[in-house]
Amino acid sequence: MNCKEIADLLDGYLDGELDPVTSQKVEQHLRDCGKCERTYEVQTAMVHAISQTAPYYKAPIELRERIQLSLREAIGATSTRGTSGEGPLLVRRPEAVRRGVFFEMPWNWLALAAAIVLTAIIASSLLPRLRQPGADQFLATQLIASHVRSLMASHLTDVASSDQHTVKPWLDAKLDFAPPVVDLTNEGFPLIGGRLDYLNNRSVAALIYQRRKHFINLFIWPAGPDTDKMPKTLTRDGYQLLHWDGSPFNYWAVSDVSEADLQAFKQAFEAQTAHR
Ligand SMILES: [Zn+2]
């Protein structure tokens with residue numbers, strides 16, 4: 001199995017959807033391939049972070065009862081219109097789901113439910129290709145998680161150096177693109193180092209800069225057709241995010257510095273990379 005196949009299978013593997021033989025092949029590859037293992041670790045950490053922090057709401061009992069009641073009414077209405085005289089065919093509920101959200105349903109309701117599920121599956125597989133606002137929110141969550149993880153797990157850098165001529169070759173060798181690397185010490189943002197990260201379903205470069213006691217993670221990857229050309233600022237959970245499109249690359253800066261500082265950082269970075 002090669003890295004491309006692993007990338008395609010990783011979501012299924014994380015969700016426990018693969019058959020045992022394929023799972024074993026994935027595991028074998030993860031043991032042998034550091035790059036894919038790192039991707040796997042990042043994805044796992046993200047799944048955990050989301051499952052721990054995302055709000056989870058249980059439907060209130062009154063809502064269940066209302067749905068149950070309206071289903072019963074609908075079934076009653078159908079059965080009086082029925083011509084067989086036997087009423088609708090009811091699905092017997094297994095004991096295991098008796099107390100859950102499953103109810104007695106006639107077959108025509110089941111067909112409707114199946115159609116709704118099918119529509120949802122089709123919609124969810126099409127949605128990522130559309131440029132919906134949720135995509136930015138999801139990316140923002142990944143960016144902040146990555147920034148926080150880099151500060152928490154004492155894994156701020158893979159290559160710790162203030163020398164752009166050390167950081168750049170290191171990143172170039174590890175990535176399938178060559179991100180611009182500049183030191184901004186004179187502008188008040190000394191370069192601390194570089195790191196490989198995994199975001200937006202691809203390997204990306206992370207450059208780490210310092211602003212007084214704060215760190216800025218600058219994530220860089222090649223701009224694609226879906227890259228937003230508009231600069232963008234987001235504030236979430238006390239973090240500033242700043243996006244800009246600097247062809248051929250896509251930039252996201254994440255930090256807890258002020259918005260003004262982050263804008264100053266962007267201008268300094270652009271000024272230093274413009275004449276290269
Ligand atoms: Zn691999």
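Student: What makes Cys33 and Cys36 buried?

Tutor: Cys33 and Cys36 both come out buried, and that label means under 20% relative accessible area, with over 50% being exposed and the range in between partly exposed (1.4 Å probe, protein chains only). Bear in mind this is a predicted model: local features need pLDDT of at least 70, side-chain atom pairs need 80 or more, and totals for chains, interfaces and linings use all residues. Numbering runs from 1 along each chain as its sequence is written, and side-chain values use heavy atoms, leaving out hydrogens and water.

Student: How do you know which atoms coordinate the zinc ion?

Tutor: Donors are N, O and S atoms within 2.8 Å of the metal (3.2 Å for Na, K and Ca), and water isn't among the atoms, so sites may look incomplete. Here Cys3 (SG), His29 (NE2), Cys33 (SG) and Cys36 (SG) sit at 2.1 to 2.3 Å, so they pass.

Student: Eight aromatic pairs turn up in the whole structure. Why is Phe177 with Phe249 called tilted?

Tutor: Rings of Phe, Tyr and Trp (its six-membered ring) pair if their centres lie within 6.5 Å; planes under 30 degrees apart are stacked, over 60 edge-to-face, the rest tilted. Phe177 and Phe249 have centres 5.9 Å apart and planes at 45 degrees, so they're tilted.

Student: And what makes Trp244 and Tyr251 stacked?

Tutor: Their centres are 5.0 Å apart and their planes at 15 degrees, so that pair is stacked.
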